[in-house]
Amino acid sequence: SGLFCDKSTSGHVAVHATHTLSFQAAKLAFLMPENNIFVGEFHILDIGLSRQYEDEEAAVHEIIDTAIIKAIIKTRNKFSHKGNFGHAALIAGSYGMMGAVILAAKGCMQAGTGKLTCYIPSCGYDIMQVSVPEAMCKVAGDKFIEGIGNIAGYDATGIGPGIGLQYGSAALLNEIFLSENKHFVLDADALNVLAADKKLLGEIPGGTVITPHIKEFERMFGASSNDFDRLQLAIEMAARLNIYIILKGHYTAIITPPGKVYFNNTGNAGMAKAGMGDILTGMVTGLMTQQYPLPEAAMLGVYLHGLAGDIACTKYSQQAMQASDLINCIGDAWKLLTQ
């Protein structure tokens with residue numbers, strides 16, 4: 001339905017489809033934003049081919065589904081205590097940007113971490129204590145974060161939402177990279193700092209997770225002429241730096257150092273709002289504290305984040321839903337996956 005043909009100057013005809021039917025398995029081209037006008041919604045039809053080859057051979061690209069995610073989720077022992085689920089840290093926020101750390105902190109707690117400590121500037125102390133009473137706070141700096149001290153005792157640390165790009169941000173990241181704690185999730189202004197300091201970019205500890213949207217990715221690694229080239233560049237940089245890249249978009253891609261790419265199929269356009277990425281940073285950090293290994297922590301975080309967004313969309317609409325609405329739906333998303 002809704003077909004439109006566009007004849008290029010070379011004489012080739014491209015169909016602008018609202019629905020595409022394909023056989024047996026999804027194609028990589030269906031997941032690329034630039035092809036959306038030609039693909040629309042795609043539907044995979046099982047035509048009865050043997051699954052043996054698909055099951056036995058490793059694939060470079062894989063779409064995450066509910067079965068994969070349910071197999072990742074750990075069952076909680078009824079005798080467990082908060083110490084069993086890790087201690088997370090968030091280094092986030094600045095004057096006028098305390099909302100970012102609040103959203104990240106709530107996402108981290110909703111992901112199930114046992115304890116959370118937030119490193120924030122003093123200007124946001126009262127805001128933080130009232131907004132997220134479950135989190136502990138450590139003051140580092142006045143209007144911006146500086147001089148955080150030893151962070152070796154945390155199981156994972158999320159860094160970047162709302163920290164700003166003021167003088168001293170690069171030194172802060174350098175201090176963090178030199179700490180004994182090497183389990184990091186980097187987002188937002190942390191990525192912008194790295195984009196401006198290519199030497200520091202090369203010093204990211206191995207095993208770090210970065211969560212850029214396309215523009216942040218381009219600032220860090222350079223622009224690409226198309227989505228396929230950008231994905232290939234992400235694969236190359238993940239291998240070169242030994243990091244995990246969560247390249248955010250409609251089909252968010254999780255790129256691993258060995259070159260495996262997982263595409264997420266939850267989420268919707270209503271999530272194109274401020275604060276959504278801060279929540280994801282907190283969620284992935286919170287899952288890492290619970291000893292979910294990589295890339296499973298990233299896969300579960302992205303899928304759960306998108307599923308909560310889909311639930312929020314049904315309640316509030318794509319237009320009206322906000323980041324806080326997604327947070328309020330994370331519990332419902334967990335229930336769908338665990339009950």
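Analyst: Lys260 and Glu62 form a salt bridge in which the closest N and O atoms are 2.9 Å apart; the term denotes a side-chain nitrogen of Lys or Arg within 4 Å of a carboxyl oxygen of Asp or Glu. Because Lys260 sits in the loop between strand 13 (253-255) and strand 14 (261-263) while Glu62 belongs to strand 5 (residues 61-63), the pair ties together parts that are 198 residues apart in sequence. Helices (H or I, at least four residues) and strands (E, at least two) are DSSP runs, numbered from the N terminus. Glu62 is partly exposed, with a relative accessible area of 29%; on this scale buried means under 20%, exposed over 50%, and partly exposed in between (1.4 Å probe, protein chains only).

The model is predicted, so local features need pLDDT of at least 70 and side-chain atom pairs count only at pLDDT 80 or more, whereas totals for chains, interfaces and linings use all residues. Residues are numbered from 1 along each chain as its sequence is written, and side-chain values use heavy atoms, with hydrogens and water left out.

The structure holds eight salt bridges. One of them joins the side chains of Asp46 and Arg51 at 3.8 Å, N to O. Asp46 is exposed at 55% relative accessible area, whereas Arg51 is partly exposed at 31%.

In helix 10 (residues 227-241), Asp227 and Arg230 lie three residues apart, about one turn of the helix. Their salt bridge brings the closest N and O atoms to 2.7 Å, and both residues are buried. Through shared partners, salt bridges join Lys215, Glu218, Asp227 and Arg230 into one network.
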